[in-house]
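Hi everyone, thanks for coming. Let's take a look at the structure together, and then I'll walk you through a few of its helices.

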Amino acid sequence: MKDATRRHFSAVFGQLRQREEREPRPVQEFAYVKATPHNRASFVRVFWRSFRQIGKNGDLLAMMEYSSLLQLLCPDFPVEMVQKAARIVLMDDAMDCPMSFADFLYAFQVQFYFEEFLGSVAVIYRDLLSGKSPNTVIVPTSSPAERLPHLAPDDTAAQEGVDSALFCSYLEALCERYKHNHPSTDGIREILQSAQRVTFYGFVMALAKHEGISQDIGSLPNKADLLVDPAMDQELEKLIAQLSLSPAPHGGSSGPGQKEPPRKASPRKSLHHRKRIEMESDGSTEETDSSEN
C-alpha cells in the first residue's frame, strides 16, 4: 500500500514538473494570489487541478496536510485561512479530523473567495445572537490573520442559531452596500428560506455546497464532475506505469531471468595497473642481474 501511494505521488509531482516545463508558472506570494477576484479564482482552480487525484483515490487528509499542499503552490499561504475553511467542514468536530478532498475544496473556495464578506457576516451573526441590532455598514479587513468572532458552540443559543428571515434581511442590506465580493442575493435568499433558524457555520456550509454560487465564482465544476479529467488521468496512468517498471533505486537484487550487465574496467585503473606491473617487472630484473653478477 505504501509503495502504491509513493508511486502515485511521484506520478502527480512528475506530472506537475512536466506541466511547469511546458508552461512555466513561478511560485506566487499570498499577497499576489489574493489581490483580485480573478487571482483568487485562478488559485483555487490551480489547487484543484494539482491535487485532484487525492480526491479520486478517496484519501482523507487533516487540516495541516491541506495547509502543506497549499504551501507547495504558495509558500506563505497562511494556516489561519486553512483553519477557517476546515472549520466550515468540521463545525464542532476536532480540527485534526480528516476531511475529504471535495468537502475541503468547496469550503476553501468560499472562504478564500469571500473572505472579507464572511468576516462581516460573522459580525452580524454575533450581534443577532447576543440580541444587539447589527450594523450593516461594516468596513471589512483583509488581514489574513483576522479570526472570525468567537461563536461559542456550547451555548444553547449558538446551537439553535438565529432567525433565518431576520438574518437574511440584514445580509441583503449588507450586499447592497458591500464593495467586495459577495454571493448573489438570490443564492443567499434561497439558502435562508429553507429553514426557520440557521447557525453561522450551517449557513457558510450551505454557501459552499450551493452549485449556483460555485458557478458564479467559476473556479470549479459541479461536484459530479469534480474528479473527471480523462486527459490528466491518461498522463498519470502513463507516469505510474513508467514508475512501476523502473528498477529499484538502491540496486536491489535482479529479478529472475535477469543478468547484471558486465562491469567494464576503468581505463585509468587499467593504465595504472599496467604501469605498476611494469615497475615491479623492472625491479625484479635488476635484482636478477645483480644476483647473477
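By helices I mean DSSP runs of H or I with at least four residues, numbered from the N terminus, and the expected span of a helix is 1.5 Å times one less than its number of residues. Please keep in mind that this is a predicted model, where local features need pLDDT of at least 70, side-chain atom pairs count only at pLDDT 80 or more, and totals for chains, interfaces and linings use all residues. Residues are numbered from 1 along each chain as its sequence is written, and side-chain values use heavy atoms, leaving out hydrogens and water.

Let's begin with helix 3, residues 37-56. Its 20 residues reach 28 Å from first C-alpha to last, close to the expected 28 Å. Helix 3 also bends by about 50° at Ser50; that is the angle between axes fitted to the seven residues ending there and the seven starting there. Just after helix 3 comes Gly58, with a positive phi of about 80°.

Now for a pair. Which residues bring helix 10 and helix 11 into contact? Ile188, Ile191 and Leu192 of helix 10 touch Phe203, Ala206 and Leu207 of helix 11, contact meaning heavy atoms within 4.5 Å. Those residues are six nonpolar, no polar and no charged, where Ala, Val, Leu, Ile, Met, Phe, Trp, Tyr, Cys and Pro count as nonpolar, Asp, Glu, Lys and Arg as charged, and the others, Gly among them, as polar.

Finally, in helix 5, Met81 and Val82 are among the residues that meet helix 6, whose side includes Asp103 and Phe104. By class, that contact has 10 nonpolar, one polar and two charged residues.

Key. Helix = DSSP H or I, 4+ residues; strand = E, 2+ residues; numbered from the N terminus.
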